[in-house]
Amino acid sequence: MRQLGFVVRHVNSTTWWHEHLSEENVQFLKKITAEEYKAQTASKLCPLKDEPWPLNDWKPDSIRVGVVAVKLGMMPIWTKSGKKHAVTLLKVQDCHVLRYISKEESGGKTSKLLVGGKNASPFFKSESAMKIFKEAGVPRKQKVATFNVTDDAIIKPGTPLYAAHFRPGQFVDVTAKTIGKGFQGVMKRWGFKGQPASHGQTKTHRRPGAISTNKAAKVYRGKKMPGKMGNIYRTSFGLKVWRINTKHDIIYVNGSVPGHTNCLVKVRDSKLPTYKDCNKNPPFPTFFADGDEKLPEDLYDKEIFQFTDPSVTYA
Amino acid sequence: MAAACGRLLPRSAAAGLAGLTLTAARPALPGRCFSSSSCRISSDGKPAKFQPPPKPVIIDRQKQREERRFLSPEFIPPRGRTDPLKFYIERKDMIQRRKVFNIPEFYVGSVLAVTTADPYANEKANRFVGICIQRGGKGLGATFVLRNVIEGQGVEICYELYSPRVQAIEVLKLEKRLDDNLMYLRDALPEYSTFDVNMKPVSHLDHEEIPVNKLQVRMKPKPWSKRWERPKYNIKGIKFELPEKKMKEAQKWSQPWLEFDMLREYDTSKIEEKIWKEVNEELKK
């Protein structure tokens, strides 16, 4: 039965948020929300008025929350032995915990915590979508990520998360949507070799060639063929954290990270068994900025060359 | 102090004073020093009216030096959609390195001597002298390429400005050339790329303009590594000895519309001003 979508005409009855508002009201609303956001982000305490949740100690089995960050760009750094490494800068911008979903509610093996990233405009979403943010007392976020967390690491919704949640020397996994390349052929998408450019090839230089055998008499599912490439979630595992800037909330992570500049990424402690020993005794369940701990502006890994030192010499 | 100088020394000697030039405001009293107020007697015998010595016109060289601003090209951020915060963070690191280690002002075409730490050399340090043919990269990864011909072999080394392994950068000869990129020296006669490894630094006074060396370099016979006669390289520093026909044929690849393309315009003057102020303030601290 063919689709009759072109016959039925849709009547679009939605309005945009300021269609029926006067100019003054629009300006006023914008100003009000900006001020409200500033106040909410500036407060280091959790905005919800009930008692704080209990703080537990870190155990080797506990899995703690990650963070949503913005990928700023890349930069070289040098170690004390003079070797150069490339690092990605990830800025933790307005990161708040949004909701706690218990094990029974989610139906999984562990409880979940929803965490939101960068602030965004509240006017272009429906009321039901804004419900989570209103309950947590937090501005609307651009990206909401889910973290599987053990029960001793749960955090009250509304607490802000900072870059100091991670420490230099530990290892992280970073997940993000890769850069979308659109519809791509088989050579770029799967790395096929193609065909020679000359020597009699008729109109065949970048084609896949044979797609199955004679005996199979079918094409197997999952055959590598041209299609949309990129714009999918991918994770880089085991990236070392070299440096943390507490003033601007920036994490310097080794190597490259999927995604374009200014995209939102999900950062969490590495699950790889090789780095189980390196992630010992992290700030658990998270780093609270209103606490007594006063960290210096920059935290460096012990291998890294700091620019306050004189040049490297090999004595 | 300046007035006392004007009284004690004759005008010709005053011109040799470093930093200050004195020119008498009034037309010549021949070489004679002005007498002190106590023995002022005019030709009439009556006490003459006090004539103050001519005010010396001081040309302050320091101000001239400050007016000539040089902002290293790696501070200027490239055009793109990156957050300016990332460039600010990188600039802080660059300034921090510059406070500890002096990176002098130099241009493409100046002769530099760079000492780097090398674990495999005797004395653990390696000194290389060469002419800077290219300055590339932005931010902390800024590089410059030095070229020299050593024992008949052309050598080019690419150094990172902010690498902790460089121990010292000295400018032996500070000058500019007609082009921003001297890669064509690879196809020029080797005499234009040879520089003495034990060259003495040529002194350059602070207040003078940087000299532009209008040298036109002679090339080896073709084929070259790149077709330097083509207008896309826009090279002024080669003395092309090619026939007229070849030069005219090279103009076929000219793209005269490029200079009017508004999307390629990147006006850095305002950005440079802001960054210059910021960098200067930080370096003075």
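How many residues does the contact take from chain A and from chain B?

1. The model is predicted. The contact draws on 27 residues from chain A and 27 residues from chain B. Between the two chains about 2,300 Å² is buried, and carbon and sulfur atoms give 62% of that area. On the side of chain A, the residues that lose the most area to chain B are A:W78, A:F307 and A:Y314, which together make up 31% of what that side buries.

2. Polar links across the interface. The rule finds 10 residue pairs in polar contact between chain A and chain B, with both residues of a pair at pLDDT 80 or more. It also finds three salt bridges across this interface. In one salt bridge, the side chain of A:K84 meets that of B:E160, at 3.1 Å from N to O.

3. Where the side of chain A comes from. Four strands of chain A each supply at least two residues to the side that touches chain B: β1 (67-78), β2 (84-91), β10 (233-245) and β11 (250-254). The largest share, six residues, belongs to β1(A). Sorted by class, this side of chain A has 13 nonpolar, nine polar and five charged residues.

4. Nonpolar cores. The largest nonpolar core has 60 residues, and B:F144, B:Y162, B:Y184 and B:L185 touch the most other members. Leaving aside residues up to four places away in sequence, B:L185 touches B:I131, B:I133, B:R147, B:Y192, B:S193 and B:V217. Another core, of 34 residues, lies apart from the largest one; among its residues are A:L90, A:V97, A:A145 and A:I244.

Terms used:
Residues numbered from 1 in each chain as written. Chains lettered and ligands numbered in written order. Predicted model: local features only at pLDDT ≥ 70, side-chain atom pairs only at ≥ 80, totals over all residues. Heavy atoms only, no water. Contact = heavy atoms within 4.5 Å. Buried area = accessible area lost by both parts, 1.4 Å probe. Salt bridge = Lys/Arg side-chain N within 4 Å of Asp/Glu carboxyl O. Polar contact = N/O pair within 3.5 Å; in protein donor to acceptor, adjacent residues only side chain to side chain. Nonpolar A, V, L, I, M, F, W, Y, C, P; charged D, E, K, R; others polar. Core = buried A, V, L, I, M, F, W, Y, C linked by side-chain atoms within 4.5 Å. Buried < 20%, exposed > 50% of the residue type's maximum accessible area, 1.4 Å probe, protein only.
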